[in-house]
Every structure is written in C-alpha cells, then in structure tokens.
Amino acid sequence: MMRSLLFLPGNSPSMLINGDLLGSDSIIIDLEDAVSPDDKDAARILVRNALGFFRYRTTVVVRINGLDTGYWRKDLEEIVPLAPQFILLPKAGCAQDMLTLDQALLALEQANSLTPGGIRVIALVETAVGVEHAYEIASACPRVAALALGAEDLTADLQCKRTKEGAEIAYSRGRLVAAARAAGVECFDTPFTDTDDLEGLEQDARLAKGLGFSGKLVINPRHVGIVNQAFSPSAADIAYAREVMRVIEEGRAQGKGAVALHGKMIDKPIVARARQVLDAAEQMGVKA
Amino acid sequence: MNKLVSSLEEAVRLSGLKDGMTISFHHHLRNGDHVLNLVLDAIAQMGIKDLTINASSIFDVHMPLLDHIKNGVVTGLETAYIGAKIGRELSRGLLPRPIVFRTHGGRPSDIISGRSRIDVAFLAAPTADDHGNFTGKAGKSACGSLGYAFADAEHAGKTVVITDNLVPYPLAGASIRETCVDYVVQVDSIGDPAGIVSGTTQITRSPVRLQIADTAVACIEASGLLEDGFAFQTGAGGISLAVAKGLKDKMLARGVVGSYCMGGITSYIVDMLQAGCFRALVDCQCFDLTAVESIRTDPRHWEVSAAQYASPTAKSCLVDGLDVVVLGATEMDFDFNVNVHTDSKGNIMGGSGGHSDAAAGAKMTMIVAPLLRNRIPLIMPRVTCITTPGNTVDVLVTQYGVAVNPARADLRSRFEAAGLPVKDIRALYQTAIALTGEPTYPQRREGKVLAQVFYRDGSLIDTLYCVE
Amino acid sequence: MWKGMNHMNLTRAAGAGTDKSGDVLVWAEPGGSPVQIEVESSVADLFGGAILAAVQETAAACGVTAGRIRIQDKGALDYVIRARVETALRRSGGEA
C-alpha cells in the first residue's frame, strides 16, 4: 500500500540518510532529473551503496534514466543486484518500452540469482503518447505494478500551462485511472509542486483520491503527512464501512435478500467499497 | 554632579582602574558589540595590564581580545558563553589562568553575593542621559532587554555607561537608573545593528529537524503539563523555534492560555504573546528586531534581570516556575549529561548560558537535537564536558526516537500511552553508531587546564584542558 | 562493492564527490605502487582509522595497486566514502 511516494535525489548523501525517517510509504530514489549528466555514474554507485548500507524498511523505488538515454542499462546493472522493490521508468510511451525494460530486468535478475519478475515496475506516464497508450502500458507484462502521472513534462508536451486547479490534466488523470484499473494495477497521481501551499496540496490530494488514484508522488518531505492523510480512509469512512458490514451480516442471519442502512439500499458495489475501505484501513494501521 | 566625561580614557582614569583588577561587560549587543573592543584598546593604550574580564558572553566579534591577551593586558576571563571561532583560538591555552565558566544565573548570583568582584563595569547603553539613566529599548543600536547588565551596574565598584545615543536628562522609562552610574561616555558607535539582532533566529527548513520539533510538541502535549498557566522557555536554535511555532498552534487549538514564556525572545515568541498563548513574556535577551519592538511597546513584555531570570540565590527566580524548557545539545551521554561547551575535539564553542539554569528549574527539560551531525553521533558514553547534569534533564527528542531519563518513569508511561516512539538512550546510541561506525574518542583529560566550569550553585562541575 | 575488474590502472587525474557536509571530495591520479593515500577529514579525530581503511579497501576491491588518492572529507558516512572513491577510481582508470 503506497499512499505517498517521496522523491529523494540520488546523488545526495544528506537526503539518502533520511529515507526511513520522513514518514512516506515509499521513497523514489532518483537517478534521472535530480542528477546532472556529469554525475550519473557517481549517483548510481552512491545509490547502490546506500541500498546496501541502509537496508531501508520503507519500500524502495529507483527512478532510472529514460530508455532514450545511454544511462538506463548502467543504472540497472548497478541497482538490480540490490533488489529494490520497484523501478520507476520515466517517459513510458508504449507497451514495447515495458517489454524492453522487462527483458533487461529479467536478464539481470537471472545473472544475480534473484526471483525472475520479482522487481516490479511503475510506468511514469508523462507524454501525450504515453497517456493515449496508458492501457497497453499497464497491461504490457505482469511486471507492471502501477501507472504514475507526471504532469510537468506532460503539460509541456500537451502545449498547455500547468495550473494548480489542474483542468489541463483532468483528461489524463481520468484516462490513467481507468487504464490502471482496467489492467488491475495501481495508479499514482502527479506531485504537487508548490512547497508552501499546504492547503492547495490537501485539495489536490483529495481530488486525486476522489478520482480513484491509490496514492501520490511527493517531491517535498513536508507534503508527506498531508498526502498520507488524504489517501487514508477517514474515521467516518471506516465507521460507515463497519456499519455496512454489520447490517449485511444481520441481513444474512435473518435470511433477508436485501438490506438497507439509513434508508438506503445496500447493494453489491457498496459492500465491495466497504471491504476496500476496511482492508485499506487495516493495511495502513489506521484506527477509527 | 557632572558624570559626562570626554573620552573612554578619561573614564578609565577616573574609575581608578589598576593592574590586576576585574572589568565587566554585558553581551546584549551580541555579535555586533563594539564596546568590549573599544574599552580594551583604550586600556591597552594606557598601559594597564593583568586584567580579568568578566563578560556575560564573548562573541566572535571580540577576536581583537586575543591580541590583548597576547600582550598581557588581559590575563583572566570569566563568562557564560564563548563563540566558536574565538573559542577555538582560546582553546589552545592563550590565557595564563584558566577561563572561569559560570551560568547566566550563577554569574549574577556570585556578583550579588560578592563572591565575584567587579572593579569597573563598562556597560554599553543604546540610549542614555548624562546622569547615567539608560535603556536598550531605543537608539540606533537598540537591543531590547538589558537583563544581563543589572547585577554589574548595581554591584561594580565603579560603573561606566557608554552610549552612542545621548539624550537630554531625564530619560523616561530607563531600565537601569542613574543611582548606579559613576560616569557616562559618548562614542560614535557602540555596535553594528546587523550583528546585534542576527544569530540563530531562523526556523529550520530541514524536514528531519521539523520532524524532531513535531515530536517534541507531541511530547509536551503528552506530558500533562500543557494546561492553563503553562510556563515555557525555549532556545533560539532552528529546532527550538519550530517547537515554539508548533506549540503555538497546539495551544490555540486547545484554548490553553499560558502564564509566561521566556528565553532568548524572538519573533516566534512575540507571535505567541500576540496570539494570546501567554499572558506575559519575560525577557532577559532579545534576538531580533520584532522582539526589540515588542519590549519597547507592549507592557506584557517585561524586561527582567539575569538574577530574576536564573539566579539560584535570588528571592524570586523565574526558571523555578517553568513547566517545560526546550534546549539544544552538542553532546549527550548515557546519564543524560549535556555538553554545550565544547566540540568533540575539546575546543570551546559555546557555554551554558542559561542552559543548566533552565534545566534545573523546569518540571520537564527537553533536549531537541539530531542524532547525527554528519558523522558525529550526538550520544556518547560520556560527554566531553558536563554543562548540564543529567539529573536535571528529562527527555531527549531525536529523529530516531525519544529517550526518557530513567528517573522519569511517569513521563515515559505518558509518552508510551500517547504512542510516542520511546527508546532507551543506549538503543539510540546503537542506532547512531550502526550508521557512523564506532568512534575513537580522544582522551584529553590531562595537561594545562583551559577552563573551570562552575555549576549555577558555584560548585565545580567539570574542567577543560587545552587543545594542541 | 563493484567487482567489474580484477585489475585497474589509473590513467588520468579524476575527481568525484562534493564539498557539501556529509559528503567527501576524492581525487585519483596515476602514481607509484603501493597506492599513496592522503586523508583530510573534519572528523579525523573520531573516525580517521575507519576512513583510511575504507579508502584502502575500496582501492583494493577495484584492483588498484598503484596511484595516488587524496580525499577531503566533510563527515561522510562509510558508504559514501566508498562510493566516491570507487567513482573517482573508475573515472581515472576504468571508464571514459
């Protein structure tokens, strides 16, 4: 369960030490945008050592460089032996991208005596073509665990301005959620980039949660708590879900075909949703 | 009676200062102070030697003091704090006699009782009249409170007031009165405002330090002490300020109205007063312009003497009424002893200030500090110098968990009930050295004595040795 | 630890790391055998021995038996020192 996925720059010792301390459900150690071309080699060696040294308890995602660069294979060669749980592939554009990465990972997993397919992949969709191919990306191979939206690069590609309200990415958000759910994978929303606007962050995270995202990328540690909160079931949600389960049980015991709660029929989708809420609450350790 | 004299030299001559005497200074102008350097230059010109300086603090701006030590003008130093840069130089053992460290409360206690004699006090005055009434609340070098100057003014053999803002008699609302003052000298500038109100007065932006502050606020809430009448002190370090900010939100949310707040007063503390978190601020030292403006204009913002703030022998002592104090630490050991005097090499880089006074008085003394500063662990088996004894320290808050003094089982159970990450201090040490490796601590308890560290009651609590 | 080579000759001067606190600057260049190591560290008192050992072990693991390695440490943890030394050595000898 990943409500928050916090980016940490890959070449920064002072940030790597904090991987387990910032409260995020996972960390994305970045070898791509946060690292200058001159230091790609330094960063992948540092990150490899950090993974061995810290043995993070937090779920580890490593963002490698794009398939259109000369870096990504070297990134994998250094990182895969340390078996991070996830690789985040930037600029995922089509199913073939996922298969290319899958093959490279498979070869390295076998060379390092790791479980084939054990390292899962999150596809960062941040191009127009990626959005239009979202479902084929999500369903390209079993290794794909999630889609994530990268709205900064995407809006440049869409030739529109990125706004806080996010009307320009409404379509992409909806498309990604539908594609991910259709393929049976998770879906993570784009980061909120204004460090100091915590109210705006909360609104943005609640919107994403409302759209069906499972969690959100985070670029500032101060945003972690709010994002975790937004993607956790609320006390009211949990209480309602418990009530739903209770009346369903009672109805079953009394042999009733249909039951109602507060005058509203409890049908199958409502029960399914209640189960999801209670499962999520249990996994997150959230108490009502 | 004409107290206004034409020059510092004239004031020194009239004061009767002789070889071997003790002169004193306050540190309200902090790292912007010109007065200590001006006075020593004048004294050196006059050929007086072998003086002891008793200053409430020494800052890096006082580097010229080193020359006056080398040429024999100054042979003794008594203080509560020494800045890191000048401290490193002094740590090589430039002074023939050991430095005497007292606390901010111990210093006025010793001055008032006569244990510590001051022959001539040279007191920087941001605004004064020619009879010697003076205040820090106005003038181009305004510094706010003059709390550390009271004991000196009242108990020195002779008191010289040095001002760069001489106003017509009488100065209304003076902090310190003409009845204490022998001579008044006008100079061009007593200080640099940029240095007077600078310092560690910015809230931290480090996510880990902010998280430490959040945990500290949660500890205060769990302690059971955050009720109406709550009395609080915090330092001016980045984490401490973040604690103040978080505590403000908590107090407003819970509708708690505290009694008083003290410590180095910053804009964050003034915000708390203005938001209604406290009924009064008691101020021995202002750290920024907002604090200076507040003490000048807001009657709820009191100026108090160092004796009233922290002296163990005063008839009233504000630290004794504290519920919670939040302090920093350079080193801390398994017995909860805290060092804020030296770095790990044994170089002087601070001093108690009011650290051990507030720790002794407060119902709950909290240390907030990162477990590691780069590769240096905060916790060690035995601190390099005991500034504040462990039996007055209750809680350590780090980013890896909270340690509670074993003597405070009550706090431990409250914290655990609140779900706070309580750890044994030795477990935190193990966490640290799993990351840093086991340090090889230097043995330096021999050779020439650098400094004697006196606890607030006058007892010798530790001895420092010179660093090569 | 990188095990890409059994032996590496340092062929050019190269550096790695940063001067930020918690990091370390490393310079490697060709030189005589055995490897000559110079350590300057803000935490030399507490960790001087461990730092030197980390540099030596990394050089050995990279197969470097000759050359000169200089480090200026600002309190970097062990894994950082090893990573930066390895990077400098590979820049100096292995990869272009």
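A helix here is a DSSP run of H or I at least four residues long, numbered from the N terminus. With that in hand, open the structure, which is a predicted model.

**Stop 1: helix 2 of chain C**

Select residues 78-94 of chain C, which make up helix 2. Within this helix, pick out C:E86 and C:R90, which sit four residues apart, about one turn of the helix.

Side chains of opposite charge can pair when their charged atoms come close.

**Stop 2: where chain C meets chain A**

Now show the whole contact between these chains. It involves 16 residues of chain A and 14 residues of chain C. About 1300 Å² is buried between the two chains, and carbon and sulfur atoms give 55% of that area. Select C:Y79, C:R84 and C:R91: they supply 46% of the area that chain C buries against chain A, more than any other three residues. Four salt bridges are found across this interface.

**Stop 3: C:G22**

Stay with chain C and select C:G22, in the loop between strand 1 (14-17) and strand 2 (24-29). Is C:G22 buried or exposed? Its relative accessible area is 10%, and residues under 20% count as buried, so C:G22 is buried. Apart from its neighbours within four places in sequence, C:G22 is in contact with C:K74, C:G75, C:A76, C:L77 and C:V80 in chain C, and also with A:P13 and B:N374. For a distance to display, draw a line from the C-alpha of C:G22 to that of C:G94: the two are 26 Å apart in space and 72 residues apart in sequence.

**Stop 4: strand 1 of chain A**

Move to chain A and select residues 4-9, which form strand 1. Five of the six residues in this strand are buried, and the strand is mostly covered. Which strands pair with strand 1? One is strand 8 (residues 215-218) of chain A, which pairs with strand 1 in the parallel sense over three bridges. In that pairing, A:L6 stands opposite A:V218. Another is strand 2 (residues 26-30), also parallel to strand 1 and joined to it by five bridges. There, A:P9 has A:D30 as its bridge partner.

**Stop 5: where chain B meets chain A**

Next, show chains A and B together. Each chain gives 10 residues to their contact. The two chains bury about 770 Å² between them, with 68% of it on carbon and sulfur atoms. One salt bridge is found across this interface.

Select A:D196 and B:R205, which form a salt bridge with their closest N and O atoms 3.6 Å apart. This pair crosses between chains: A:D196 is in the loop between strand 7 (186-189) and helix 9 (198-211) of chain A, while B:R205 is in the loop between helix 7 (193-196) and helix 8 of chain B. Both A:D196 and B:R205 are exposed.

**Stop 6: a buried pair in chain B**

Select B:D394 and B:R408. They form a salt bridge, with the closest N and O atoms 3.3 Å apart. B:D394 lies in the loop between strand 21 (379-380) and strand 22 (395-398), and B:R408 in the loop between strand 23 (401-404) and helix 14 (409-417), so the pair ties together parts of chain B that are 14 residues apart in sequence. B:D394 counts as buried at 7% relative accessibility, and B:R408 is buried with a relative accessible area of 19%.

**Stop 7: the largest nonpolar core**

Finish with the largest nonpolar core, which has 246 residues. Select B:I220 and B:F415, the members that touch the most others in this core. Helix 8 (residues 207-222) of chain B gives the core its largest share, eight residues. At least three residues come from each of domain 1 (4-196) and domain 2 (207-444) of chain B.

What does B:F415 touch, not counting residues up to four places away in sequence? Its contacts are B:C219, B:A222, B:S223, B:M364, B:V395, B:V402, B:V404, B:L420 and B:V422.

Note on methods:
Residues numbered from 1 in each chain as written. Chains lettered and ligands numbered in written order. Predicted model: local features only at pLDDT ≥ 70, side-chain atom pairs only at ≥ 80, totals over all residues. Heavy atoms only, no water. Core = buried A, V, L, I, M, F, W, Y, C linked by side-chain atoms within 4.5 Å. Buried < 20%, exposed > 50% of the residue type's maximum accessible area, 1.4 Å probe, protein only. Helix = DSSP H or I, 4+ residues; strand = E, 2+ residues; numbered from the N terminus. Domains from an automatic or database assignment. Contact = heavy atoms within 4.5 Å. Pairing = 2+ DSSP bridges. Buried area = accessible area lost by both parts, 1.4 Å probe. Salt bridge = Lys/Arg side-chain N within 4 Å of Asp/Glu carboxyl O.
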